[in-house]
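Q: I would like to learn how to read aromatic contacts in a model. Please go through them one at a time.

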Amino acid sequence: MARTIATLPEGSRITDYISLGVIAKTFPVSKVHEVLAMTGKTSERERDLPAHVVVYYVIALALYMHSSYREVLRCLLEGVQWLLGPLQTIKVAGKSGISQARTRLGWEAVRLLHDEVVKPIARRSTRGAWFRKYRLVSLDGSTLDVADEAENDKAFGRPGASRGESAYPQIRFVSLVENGTHVLFGSQMAGYGTGEITLAKAVLTSLRPGMLCLADRQFFGFELWKVARDTGADLLWRIKKNMRLACEERLSDGSYLSHFYPSERDWRHKANGVPVRVIDYCLDGVADAEPIYRLVTTILNHEKAPAAQLAALYHERWEIETALDELKTHLRGAGIVLRSKTPDLVRQEFYGLMMAHFAIRGLMHEAALKADDDPDRLSFLHAVRVVRRKLARLPAIPRSAEARLS
């Protein structure tokens, strides 16, 4: 399907929304060069689009998905000119040159940069990020439409529809979100046919001790629970209300201790069980509420986390829905598909999108700390303009580093 060539509004630049300085502040050029060296993608000879510039371009591409490849590059290079120095001339490559440069870079280096840099950022002073001593995170997944090309269809597949198949192939991804900052981290992607449980096994390895992970009932299972618990993080997951969990010890807050088992046979023999604390509660007076909700947690001591507080806390899990909406609706754009026409470039574009969201959210967090405010109270739609006004006081790259950029 052909894309209409779009341009930025007259008189505006992509740097009006988020400049190279902001991207480079979040993803320092030293780290970009390190990742390129680790993956063998450092430019071997001088090119119009050296590898480190292409990395920044991939991130910038995600910030303005309504504009053409060449228009975004032109605006990005206006910002990079001062980094390379006045004696060097930059010419804007054509669509074919951009595609070749992105193909040379590949997607592995972009994913590695994502994995190395995109991590939770909340400080102890960050409002809404903590429950007692625990850093709050949530687990969930979603899908994204990609360009309707034969290679993408073969690599990723597409969902069924009431009349045949969906109009576009899709990728599926699963992420953790830091609830207080909406930073999406640990993200894993695959084709539409790969289930969220499969992706979650790799995502959950990003949990760390001191985190409290919230997840909905579709993720609950012995194997996934064990993967998450073995990271040292604590868990608070919803389960099906009819799951068999015997009350072994009733606690004073109304919760109780139990075990759950990897199989029916283990349950009958009470072997290989994992201890959990069970919390049953109702939402009285709430329209469309279910009759009963059931949570399980690794926090066995009810004095460290009373049942009523955990029941209220669980509904913070919806923070990940807000973060996914930011990514899919406000950053990508409603109805916009990932534009890359080959599977490897789709993967590259996906991680560029995740890093663009991280850059914006990181700067929103800085603004919230300075204002002593909750990051949730800042508008994502207006965040880039707010940061732009502060950017002059936040230089991203020292002059001593300029020589390393070319």
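Q: Which residues form one aromatic cluster together with Trp 225?

A: This is a predicted model. In it, one aromatic cluster consists of Phe 220, Phe 222, Trp 225, Trp 237 and Phe 260.

Q: How many aromatic pairs are there?

A: The count is nine aromatic pairs. One of them joins Phe 173 and Phe 350, with 5.4 Å centre to centre and 55° between the planes, and it is tilted.

Q: Which parts does the pair of Phe 173 and Phe 350 tie together?

A: Phe 173 belongs to strand β5 (residues 170–178) and Phe 350 to helix α13 (residues 343–371), so the contact links parts 177 residues apart in sequence. Phe 173 is buried at 0% relative accessibility, and Phe 350 is buried with a relative accessible area of 0%.

Q: Why is the pair of Trp 225 and Phe 260 edge-to-face?

A: A pair of aromatic rings is described by the distance of the centres and the angle of the planes. For Trp 225 and Phe 260 the centres are 5.9 Å apart and the planes lie at 80°; planes over 60 degrees apart count as edge-to-face, so this pair is edge-to-face. Trp 225 is in helix α9 (residues 222–229) and Phe 260 in strand β10 (residues 256–260), so parts 35 residues apart in sequence are tied together.

Q: Is Phe 260 buried or exposed?

A: Phe 260 counts as buried, at 3% relative accessibility.

Q: Where does the charged end of Arg 339 sit?

A: The charged end of Arg 339 is over the ring of Tyr 69, 5.0 Å from the ring centre. Arg 347 has its charged end over the ring of Trp 107, 5.6 Å from the centre.

Technical notes
Residues are numbered from 1 along each chain as its sequence is written. This is a predicted model: local features need pLDDT of at least 70, side-chain atom pairs count only at pLDDT 80 or more; totals for chains, interfaces and linings use all residues. Side-chain values use heavy atoms; hydrogens and water are left out. Rings of Phe, Tyr and Trp (its six-membered ring) pair if their centres lie within 6.5 Å; planes under 30 degrees apart count as stacked, over 60 as edge-to-face and the rest as tilted. Helices (H or I, at least four residues) and strands (E, at least two) are DSSP runs, numbered from the N terminus. Buried means under 20% relative accessible area, exposed over 50%, partly exposed in between (1.4 Å probe, protein chains only). A charge sits over a ring if NZ of Lys or CZ of Arg is within 6 Å of the ring centre and within 35 degrees of the ring normal.
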